[in-house]
Amino acid sequence: MKITRASVNITSPGRNFVTLKIETGEGIYGLGDSTLNGRELAVASYLSDHVIPCIIGRDPFETEDIWQYLYRGAYWRRGPVTMAAIGAVDLALWDIKGKALNTPVYNLLGGKCREGVLAYAHANGKDIDHALEDVARHREMGYKAIRVQSGIPGLATTYGIARSGEKYEPAERGLPSECEWATEPYLRHVPKLFARVRQVFGEELHLLHDCHHRLTPIEAGRLGKELEPFHLFWLEDPAPAELQQGFKVIREHTTTPIAVGEVFNSIWDAHDLIRNQWIDYIRMTPSHAGGLTQLKKVADFGALYHVRTGCHGATDMSPVCMAAALHFDTAIHNFGIQERVPHSEETDAVFPHHYTFKDGLMLAGEAPGLGVDLDEALAAKYPYQRAYLPINRKLDGTLTDW
Ligand code: EZ4
Ligand code: CO
């Protein structure tokens with residue numbers, strides 16, 4: 001089997017997605033997600049201008065050698081653009097392999113390790129009462145695990161909070177919007193939020209919270225310690241992780257489990273975090289992390305150190321990435337949890353798929369390959385629209401982490 005053609009599709013059914021389609025002489029094709037929120041066109045060019053010409057004529061079954069060719073062969077290693085492009089190629093090749101062998105991708109990664117994949121939802125509200133209502137709504141939908149975010153008194157904007165009546169979508173069309181931030185009110189507020197959530201919903205529900213890289217390690221240690229009575233499933237992205245050693249400080253101050261890694265793109269981003277047991281969950285996701293070929297290695301390395309997985313699953317990963325994550329979650333032993341933010345109806349129509357959600361669990365489906373398609377005619381009706389993630393400023397105007 002040979003790769004005969006490959007093309008990049010950019011579509012915006014409510015938000016932008018970049019999809020790689022790799023075709024073979026046998027009529028089998030595979031899809032890979034290479035969406036990088038706010039930097040979509042850079043990955044599209046990386047693929048069209050630099051990657052596709054190199055893979056025409058290759059045997060699509062050679063996933064490991066093609067991965068090494070694109071990673072080592074570029075000389076310029078790692079980085080979100082490069083790794084999202086490699087990730088898309090890798091996912092498309094696993095999709096082709098599954099279709100050619102007439103089996104779902106999870107069977108190629110180790111086979112079924114579990115009946116279903118525990119998924120967590122996002123609940124949010126402009127204040128604690130509204131957040132509690134949203135938790136109740138998600139519990140009714142069957143979720144056993146819920147991430148809770150709420151507006152902070154005194155701050156006009158907070159990460160993760162939808163405008164009233166709308167679904168939360170971090171990127172906005174046009175140039176970057178500006179958010180404001182103050183650490184002290186946030187640190188005072190979050191323990192009150194989780195005290196109320198536990199009081200109303202009891203001990204059974206798994207609760208998660210995302211700090212979105214906004215704290216220093218010692219601030220995160222304080223928050224983790226104050227949240228201990230509420231037994232979180234995890235505290236996510238407590239601090240920026242370029243300094244992996246910073247997580248040692250967090251670890252020394254709290255038993256609240258720590259999750260990080262949605263912005264990582266290389267196994268080396270997590271190397272010290274994992275081997276020093278400074279984290280409990282690694283949040284890398286197939287498309288951004290160089291595909292299933294690298295993510296499987298990350299999971300196997302994590303398994304040695306009691307680190308479990310929690311793939312990033314926000315709306316900026318397309319259904320192709322969600323499907324790949326679900327096949328991975330089904331097949332690896334040290335799976336932890338899967339993030340689930342449902343896509344819009346328009347997006348689901350552009351990417352028909354076989355994965356499902358029921359009673360708090362997701363299923364990858366039994367279709368050969370990844371089990372996702374791309375309706376190119378429908379996709380063409382939604383042209384690319386420039387969109388950016390917001391930037392964030394402290395109250396005195398200092399630019400800070402968003
Ligand atoms: O802000 O994916 O856990 N989920 C998240 C996401 C990120 C977006 C950025 O593009 O933190 O909502
Ligand atoms: Co996050």
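Q: In this predicted model, which residues of strand E7 lie on the covered face, and which on the uncovered one?

A: A strand can be read by sorting its residues by face, and in strand E7, which spans residues 178-181, Cys179 and Trp181 make up the covered face, while Glu178 and Glu180 make up the uncovered one.

Q: Which strand is joined to E7, and how many bridges join them?

A: Two strands count as paired if at least two bridges are found between them. Here 4 bridges join E7 to strand E17, residues 391-394, and the two strands run parallel; within this pairing, Glu180 stands opposite Arg393 of E17.

Q: Which residues coordinate the cobalt ion (ligand 2)?

A: Donors are N, O and S atoms within 2.8 Å of the metal. The cobalt ion (ligand 2) is coordinated by Asp210 through OD and by Glu236 and Glu262 through OE, at 1.9 to 2.2 Å, and in sequence these donor residues follow the spacing D-x25-E-x25-E.

Q: Are Glu236 and Glu262 buried or exposed?

A: Buried means under 20% relative accessible area, and both Glu236 and Glu262 are buried.

Q: Which residues come nearest to ligand 1?

A: Of the 15 residues around ligand 1, the nearest are Asn37, His212, Glu236, Glu262 and Asp316. An oxygen atom of ligand 1 lies 2.7 Å from a side-chain N or O atom of Glu262, and a polar side-chain atom of Asn37 is 2.9 Å from an oxygen atom of ligand 1. Taken alone, ligand 1 exposes 330 Å², of which the protein buries 95%.

Notes: Residues numbered from 1 in each chain as written. Chains lettered and ligands numbered in written order. Predicted model: local features only at pLDDT ≥ 70, side-chain atom pairs only at ≥ 80, totals over all residues. Heavy atoms only, no water. Buried < 20%, exposed > 50% of the residue type's maximum accessible area, 1.4 Å probe, protein only. Donors = N, O, S within 2.8 Å, 3.2 Å for Na, K, Ca; no water. Near = heavy atom within 4 Å. Polar contact = N/O pair within 3.5 Å; in protein donor to acceptor, adjacent residues only side chain to side chain. Areas by Shrake-Rupley, 256 points an atom, 1.4 Å probe, with all protein chains shown as cover.
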